[in-house]
Structure formats: structure tokens, C-alpha cells
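Please look over the sequence and the 3D structure shown here before reading the report that follows.

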Amino acid sequence: MATRVLVVSPHLDDAVLSAGGRIHRLASEGAQVTVFTAFAGVPTPPYSPIAEYFHYVWGLETDPVEHRRREDEAALALLGAEPLHGSFLDAVYRRRPDGSWLVDMDQPAVQGNDVPEPALGPELETAVASLLDTLRPDLVLTCAAVGNHLDHRRARDAVVTAACGKVPLHCWEDLPYGMREPEAPDLPVGAEFGPAVAETASDRAWAAKYAAVECYRSQHSMLWPGDVRVPELFDAHGALRARTHAAEGRAELFWPVVPGSA
Ligand SMILES: [Zn+2]
């Protein structure tokens with residue numbers, strides 16, 4: 001049984017959306033669970049047009065990231081996990097080497113490794129390696145980057161590079177992205193995914209996850225445009241993952257990462 005767990009979340013909400021049930025279970029079993037959100041850095045104005053637009057949609061026009069950090073603290077308290085907020089800026093606050101914004105209004109879906117950010121990968125790896133040193137986890141969880149969001153890919157690759165082969169590492173199916181597409185992009189050279197494992201969440205863990213998801217109120221309108229009933233969506237997906245991966249009830253999906261042959 002895991003006693004110290006490091007969870008690396010790209011954004012403030014990803015770990016809870018995708019692995020909240022498992023985080024709750026690990027914490028209930030007595031593990032010390034730390035959720036490090038890498039791209040939780042506090043930006044300073046001026047903001048990019050797309051960031052201004054997001055702030056408007058979120059209803060957070062002053063100190064947006066500070067507010068989202070408070071949401072994360074409330075959510076993780078419900079799961080029994082400790083928040084740790086990284087200083088890396090979300091893609092919507094970053095610039096390209098020529099000074100232009102990384103993410104543009106007319107090209108909002110920057111994916112995978114479309115954009116060269118040569119310094120960022122090593123900096124993320126250093127941050128993760130230092131957490132491995134100080135926390136000495138016996139299990140690491142991070143995203144599989146299903147959906148290929150730029151920040152998810154960067155966080156995942158840094159964790160895989162820093163942790164693979166040193167400590168058991170499981171990558172979660174990114175939700176809600178995984179409800180639309182099943183595949184994760186390839187891992188960095190030297191690592192590969194093992195067969196997926198569905199982790200059943202108890203009714204109690206599932207309820208705690210929903211309560212925690214509720215805490216990220218500023219993100220709801222972006223995650224679920226319109227009138228979507230979130231519990232129904234997650235219930236159906238969790239049941240599907242359990243059914244197709246020989247598990248009971250409702251489950252979250254994880255891929256173990258193992259050193260590859262390449
Ligand atoms: Zn995210």
C-alpha cells in the first residue's frame with residue numbers, strides 16, 4: 001500500500017477531474033497525498049487577449065489564478081490531499097521566443113509539441129525531481145495527456161523523464177477529454193505505457209470526487225458548456241471504463257508507465 005503519493009496535475013482541476021476517486025481512496029487508506037499543480041503560476045498583466053477572454057468567462061477579472069488556487073485548496077481538502085502550487089504559467093499566459101503570445105484567439109487549441117519551448121521541459125523536470133527528492137513518494141500519478149493539450153503533454157513528459165524506472169508511475173486518462181477520444185500521445189523515448197488498469201472508486205470516494213469537482217466553480221462553464229449534468233456524464237463514463245476493463249462499479253482509468261525497450 002502506498003504511504004506517500006505525489007500527484008502531478010497540469011492545471012488546477014485536472015487531478016480531481018481525472019483521478020479524484022483514487023486520490024480519495026489513497027488518502028482514506030492513510031497515504032500522505034500531495035497534489036502538485038505545475039501550471040498554477042500567478043501571471044502579471046498585461047494578459048493575452050485569450051486570457052482576458054477566459055477571465056471573463058470564468059467571472060474572474062481580478063487575481064484569476066489566486067482565486068483558482070483557493071478553489072483547488074477547497075477541493076483537495078475534501079479528498080484529504082495537500083495542495084502544492086507550482087510557479088509555471090499556464091499556456092494562455094506564456095509568450096513565444098519572438099514575444100508574441102503562445103496561444104492566440106484565432107488558434108486557441110495549441111497542441112502537443114507544436115511550439116518550441118526549449119527551456120520549459122528541463123525546468124519542469126527539475127521541479128519534479130526536487131519533489132521526488134523531498135517527498136520520497138512510493139507512487140506517482142500524473143496525466144496521460146489524452147487530448148494532447150500542450151500543458152498536459154509538457155507536465156506528463158517531465159514527470160515521465162524524472163520518475164520512470166525510479167518509482168511506480170501511473171498516468172490517468174484525462175477527463176473530460178477521454179470521454180471523446182481514447183488515445184494518449186506517445187511517451188518520450190525510453191518509456192512506454194503498460195496495459196490500462198481501471199481503479200474502482202467506492203460510492204464514498206465517488207461522492208467526494210463530485211463534491212471536489214464542484215469546488216472548481218470558475219471552470220464549470222468551460223468544461224461543460226450548456227446544461228450538461230456532470231454527475232451523469234461521469235457516472236456513465238466510469239461505468240463504461242469499469243465494464244470494459246474487468247472492474248466493478250465505476251472506475252477511473254490509469255496506464256502504468258514502464259521503461260521502454262528503445
Ligand atoms: Zn488541464
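How many positive and how many negative side chains does the protein have, and how far apart do the centres of the two sets lie?

## Charges

The protein has 22 positive and 37 negative side chains, with the centres of the two sets 3 Å apart. Here Lys and Arg count as positive and Asp and Glu as negative, while His and the chain ends are not counted; each charge is placed at NZ of Lys, CZ of Arg, CG of Asp or CD of Glu.

## Basis of the model

This is a predicted model, in which local features need pLDDT of at least 70 and side-chain atom pairs count only at pLDDT 80 or more, although totals for chains, interfaces and linings use all residues. Residues are numbered from 1 along each chain as its sequence is written, and side-chain values use heavy atoms, with hydrogens and water left out.

## Overall fold

The protein contains eight helices and eight strands, which are DSSP runs numbered from the N terminus (helices are H or I with at least four residues, strands E with at least two). Among contacts (heavy atoms within 4.5 Å) between residues at least 6 apart in sequence, 83% join residues at least 24 apart.

## Cysteines

A disulfide is a covalent bond between the sulfur atoms of two cysteines. With a disulfide taken as a pair of cysteine sulfur atoms within 2.5 Å, the count comes to zero. Cys143 is in no disulfide, and the nearest cysteine sulfur, that of Cys171, is 6.8 Å away. The sulfur of Cys164 is 9.1 Å from the closest cysteine sulfur, in Cys171, which is too far for a bond.
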